[in-house]
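Colleague: Can you walk me through this one? I've never looked at it before.

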Amino acid sequence: MRNTTEWTKGSEMDKLQAMQLFRRVAELGSFRRAADELDLSASYVSRRIGQLEQELGGRLMTRTTRQLALTETGAAYLEHCRKLLDELAQAEDMVAHSTAHVTGRLRINAPLSLGVGELAEGLADFMADWPALRLDVDLKDEYVDLAAANYDLGFRVTTALTDSSYVARHIHDYRLHICCAPAYLERHGPLLAPTELTRQRCFIYSHALFGNRWPLRHAGPHSDIEVPNWVRTNNTLFMRSLILRGLGIGILPTFVCREALASGALVELFPEVERPSLALFAIYPSRQLVAPRVTRCIEHLKQWYAQRYPTPEAGSR
């Protein structure tokens with residue numbers, strides 16, 4: 001068990017550490033899970049948060065034997081804790097960047113369609129800057145528990161990052177494109193409104209959070225289009241191949257269809273209709289003792305994307 005005296009040295013440090021405990025308990029929804037993660041006793045974690053509530057003069061959580069919930073004050077305080085602690089961690093990363101070299105092996109998990117294209121180019125430039133670095137890259141679209149599989153760093157492309165157990169750093173925003181080949185429109189005729197998609201041959205990416213309810217806000221924020229599931233696949237590169245053959249319509253991220261749209265091999269339908277942005281995040285299991293190769297890789301890719309694609313790609317046109 002970790003010596004708990006390290007959590008009680010100095011009033012200001014003590015407050016920051018109590019905020020860290022409160023954040024993890026709130027995000028995990030459990031004193032026990034937070035205590036296990038930090039190698040502390042659940043009673044100690046509960047006592048420290050109780051002391052924090054006394055210092056603040058307000059209740060942050062309601063506790064029963066079966067559940068834990070944030071009060072309205074606790075929810076607001078959590079957002080302030082996140083902002084402060086994240087800014088502190090970024091400052092620590094900056095110091096680490098100025099003093100540390102990138103060596104060792106970096107184990108990465110990323111989606112296949114991203115990894116074989118833009119991410120590979122960005123990582124190649126990173127390796128060129130740090131020749132002593134070794135990479136171990138696993139590309140798959142299925143969900144992977146980074147901590148359980150012993151990955152240092154993962155990349156996720158999503159409309160909503162749902163796993164709060166990881167530290168997440170935003171890298172870049174993409175656009176979701178509704179694509180088809182010109183040949184498809186020649187055979188089936190032009191599409192004049194998003195509602196006409198309900199009568200088309202549509203391809204579904206099985207890992208998309210929205211499934212076959214395409215988030216096209218043509219008539220308000222909740223006006224998704226439920227399309228027929230003509231082909232379902234777990235890989236957007238396979239989907240792109242079918243779309244290029246004129247066999248149907250699918251939603252593709254920019255990094256999968258950028259070149260085909262630019263060449264005219266694919267056309268985009270309803271580009272003016274609002275839809276959620278698609279964000280690329282770098283995630284890692286813990287902020288404690290993060291290796292410089294992880295933080296430097298993230299910063300390199302943020303700069304690489306900003307320089308290569310300076311114009312925002314997300315949102316409606």
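Predicted model: local features only at pLDDT ≥ 70, side-chain atom pairs only at ≥ 80, totals over all residues.

Colleague: Fine. In what sense do S3 and S5 pair?

Modeller: They pair in the parallel sense, over 2 bridges. Two strands pair if DSSP finds at least two bridges between them. S3 is also joined to strand S4 (residues 133–139) by 7 bridges, and those two run parallel. There, Ala-110 has Leu-139 in S4 as its bridge partner.

Colleague: How many helices and strands does the chain have?

Modeller: 10 helices and 14 strands. These are DSSP runs numbered from the N terminus, with helices (H or I) of at least four residues and strands (E) of at least two.

Colleague: And how much of the chain counts as buried?

Modeller: 44% of the 317 residues. Buried is under 20% relative accessible area, exposed is over 50%, and partly exposed is in between (1.4 Å probe, protein chains only). As for contacts between residues at least 6 apart in sequence, 76% join residues at least 24 apart; a contact is heavy atoms within 4.5 Å.

Colleague: What order do the strands take in the open sheet?

Modeller: The open sheet has 5 strands in the order S11-S8-S12-S7-S13, with mixed pairing. From one strand to the next, the twist averages 40°.

Colleague: Why do S11 and S13 each have a side without a neighbour in the sheet?

Modeller: S11 (231–233) and S13 (267–269) stand at the edges with a single partner strand each, so one side of each is left without a neighbour.

Colleague: In what sense do S7 and S12 pair?

Modeller: S7 (residues 176–180) and S12 (residues 249–253) pair antiparallel, over 4 bridges. Within that pairing, His-177 stands opposite Leu-252 in S12.

Colleague: Which strands does H8 lie across?

Modeller: H8 (residues 236–244) lies across S7, S8 (202–205), S11 and S12, at about 135° to S12. H9 (residues 254–263) packs on the sheet too, touching S7, S12 and S13, and its direction makes about 110° with that of S12. Those angles run from 0 to 180 degrees between N-to-C directions, with axes fitted to C-alpha atoms (for helices, over the stretch in contact).

Colleague: Which residues of H9 are buried?

Modeller: Thr-254, Phe-255, Val-256, Cys-257 and Ala-260. Just after H9, Gly-264 has a positive phi of about 90°.

Colleague: New topic: how many cavities of 30 Å³ or more are there?

Modeller: The structure has 1. The largest cavity holds about 30 Å³ of space. Leu-176, His-177, Ile-178, Pro-215, Leu-216, Ile-251 and Arg-275 line it, and S7 gives the most to that lining, with 3 residues.

Colleague: What separates a cavity from a pocket?

Modeller: On a 1 Å grid over the protein atoms alone, a cavity is a set of points where a 1.4 Å probe fits but cannot get out, while a pocket is an open set with protein on both sides within 12 Å along at least five of seven lines; lining residues have an atom within 4 Å of a point. Points are joined across faces, edges and corners, and a volume is the space filled by probe spheres set on them.

Colleague: How much space lies in the second largest pocket?

Modeller: About 720 Å³. It has 34 lining residues, and the closest to its centre are Asp-141, Val-157, Thr-158, Tyr-205 and His-207. S3 (104–110), S5 (153–158), S8, S12 and S14 (278–284) each give two or more residues to the lining, and S5 gives the most, with 4.

Colleague: Last one: where is Leu-84, and what does Leu-84 touch?

Modeller: Leu-84 is in H4 (residues 72–99) and is partly exposed, at 38% relative accessible area. Leaving aside residues up to four places away in sequence, Leu-84 touches Leu-16 and Met-19. Leu-84 and Leu-16 are 68 residues apart in sequence, yet 9.2 Å apart C-alpha to C-alpha.

Technical notes. Residues numbered from 1 in each chain as written. Heavy atoms only, no water.
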